[in-house]
Amino acid sequence: MLELLYWPALQIVTWGFLQNYISQNAGFFARAGGTLIGAVILWDILFRGQLGFSISFLEEMWARNLGNLMMSPLKPIEFLISLMAMSLIRLAIGVIPMTLLAMIFFGFNLYGIGFPLIAFFCNLIFTSWSVGIFVSGLVLRYGLGAESIVWTLMFGMMPLACIYYPVTVLPDWLQVVAWSLPPTYVFEGMRSLLMEHVFRADLMVDALAINVVPITISFAIFLMLLRSARQHGSLIQTGE
Amino acid sequence: MTSVDTTISLPATPDRREAPAIDVAHLVKFYKKTRAVDDISFSIARGSITGLLGGNGAGKTTTIAMIMGLVLPSSGRIEVLGHPMPDESTEVLGRMNFESPYVDMPARLTVRQNLTIFGRLYSVGNLPARIERLAADLDLGEFLDRANGKLSAGQKTRVALAKALINQPELLLLDEPTASLDPDTADWIRQHLATYRKENGATILLASHNMLEVERLCDRVIIMKRGRIEDDDSPEAIMARYNRTTLEEVFLDVTRGRVQEAAS
């Protein structure tokens with residue numbers, strides 16, 4: 001039931017804000033300069049980075065291999081780093097063709113952004129790993145019954161990270177929340193670059209600084225949930 | 001079915017520490033309000049094969065999982081190869097290994113790929129040669145390059161045993177190592193375990209429902225019931241004490257509550 005409500009609610013909120021923004025800016029489409037396509041691609045980096053991490057983790061659960069790994073000399077931090085590497089591989093497979101299609105069909109060259117793209121990418125991937133580590137910890141502790149959170153949690157960030165519209169569209173009180181999320185800085189930075197041709201390095205540094213908090217907290221939570229899984233015997237009950 | 005040679009051959013260079021392979025004291029495990037393991041204590045000498053016998057829900061798997069560090073005890077102390085678990089698990093995890101029907105390996109990877117991954121995790125030197133040796137010992141050659149998901153139950157068990165032996169562990173924990181195998185394959189696995197122990201001086205702790213397996217393979221038997229240790233001795237001594245000719249009869253006496261009557 002929750003999922004039935006979740007998607008329509010998120011969609012209407014996200015695109016509703018976009019509608020507000022368009023109505024407030026008559027010359028929007030003339031100045032947009034590929035921001036929508038850029039936003040879609042950057043959102044995909046954020047979302048698929050987390051999915052790549054989480055699916056690699058889930059595959060170990062589905063294969064009932066987690067007990068083997070946890071019983072081996074592999075340390076939790078090494079396990080998480082390997083999942084990060086897998087997320088990069090999966091991301092490359094999914095997103096590179098997408099950027100090529102954008103280039104061929106819409107004339108949008110993401111790589112033409114140059115150095116700022118590296119800053120955007122790093123900040124987005126750090127956030128995606130934070131979410132990935134957190135949801136993997138939940139699945140580790142609560143089993144595959146908690147799997148749906150892998151697919152849904154990131155979408156909760158969608159309206160607040162201001163992917164398709166600037167932060168100023170949000171009500172004042174919600175802007176505070178939006179600025180607490182690192183992806184917001186990336187999407188604002190992208191719009192600044194594409195529409196005003198200004199690279200906001202300050203936004204990227206702020207995002208990086210904020211990213212330290214979720215990645216640290218998610219790692220601590222993962223270790224806590226791993227310990228809890230060991231207390232509850234979840235590691236010998238994993239699998240399909 | 002052939003009998004198994006259980007002669008102990010100690011390693012050429014024995015460990016300087018005299019600590020037992022496993023030392024468990026007052027181990028208790030609660031799952032919510034259920035007491036799965038209830039104040040058990042035992043020590044297992046290095047180079048021995050010990051069988052953990054018990055019916056469903058006796059606490060065998062939980063006990064083995066606690067020794068491996070996959071489950072944390074509610075209270076009590078566990079030392080493995082002289083190191084407290086799980087606090088010093090990093091000191092011993094590379095020196096032990098396990099096989100269990102509750103775990104598997106990625107189905108899409110071939111047997112060789114799976115063994116290579118675990119060999120690297122355990123930092124096994126000259127890994128290709130080690131895999132070839134295991135393939136020869138456990139007769140895996142025919143399906144070494146086949147996907148794990150396409151193997152029969154017997155083949156999977158042999159692969160799981162190969163994974164458990166990849167690092168030549170000093171301590172091997174086995175949970176139902178011959179479950180769902182035909183008698184010939186099961187006997188073959190038992191032979192291999194006995195040979196491995198003899199050649200490497202390894203310690204083996206195995207949980208099993210198979211009384212004949214325990215009787216033939218183990219130097220010692222720990223019988224568990226409802227989380228407690230009901231008896232602990234050599235198979236011969238236990239059978240003599242209960243005035244029975246097989247461990248299966250002893251097991252039935254214990255599980256059906258005929259302990260006092262049989263022992264008297």
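The model is predicted, and local features are given where pLDDT is at least 70, side-chain atom pairs count only at pLDDT 80 or more, and totals for chains, interfaces and linings use all residues. Residues are numbered from 1 along each chain as its sequence is written, while chains are lettered from A and ligands numbered from 1 in the order in which they are written. Helices (H or I, at least four residues) and strands (E, at least two) are DSSP runs, numbered from the N terminus.

**Where the chains meet**

- Chain A brings 15 residues into contact with 22 residues of chain B, contact meaning that the C-beta atoms of two residues, placed from the backbone, lie within 7 Å.
- On the side of chain A that touches chain B, α4 (66-71) and α10 (201-232) of chain A each supply at least two residues, and α4(A) gives the most, with four residues.
- That side of chain A consists of seven nonpolar, six polar and two charged residues, where Ala, Val, Leu, Ile, Met, Phe, Trp, Tyr, Cys and Pro count as nonpolar, Asp, Glu, Lys and Arg as charged, and the others, Gly among them, as polar.

- A:Leu58 lies in helix α3 (residues 35-62) of chain A, and it counts as partly exposed because it has 17 C-beta neighbours inside 10 Å; a residue is buried if 20 or more other C-beta atoms lie within 10 Å of its own, exposed if 12 or fewer, and partly exposed in between, with C-beta atoms placed from the backbone.
- Leaving aside residues up to four places away in sequence, A:Leu58 touches A:Val139, A:Glu147 and A:Val150.
- The largest nonpolar core has 129 residues, and those with the most contacts inside it are A:Leu42, B:Ile67, B:Val80 and B:Leu173; such a core is a set of buried Ala, Val, Leu, Ile, Met, Phe, Trp, Tyr and Cys residues joined through C-beta atoms within 7 Å.
- Helix α6 (residues 115-142) of chain A provides the largest share of this core, twelve residues.

**The sheet of chain B**

- β6(B) is joined to strand β7 (residues 171-175) of chain B by four bridges in a parallel arrangement, and B:Asn97 has B:Leu172 in β7(B) as its bridge partner.
- Four bridges also join β3(B) to β9(B), which run parallel, whereas β9(B) and β10(B) pair in the antiparallel sense over five bridges.
- β9(B) and β10(B) form a hairpin with two residues between them, and B:Arg226 in the turn has a positive phi of about 50°.
- Six of the six residues of β9(B) are buried, with B:Arg220, B:Ile222 and B:Met224 pointing one way from the strand and B:Val221, B:Ile223 and B:Lys225 the other way.

**The enclosed helix of chain B**

- Nine of the nine residues of α1(B) are buried, so this helix is largely enclosed by the rest of the structure.
- Among the buried residues of α1(B) are B:Lys60, B:Thr61 and B:Ile67.
- After α1(B) comes B:Gly69, whose phi is positive, near 90°.

Technical notes
Two strands pair if DSSP finds at least two bridges between them.
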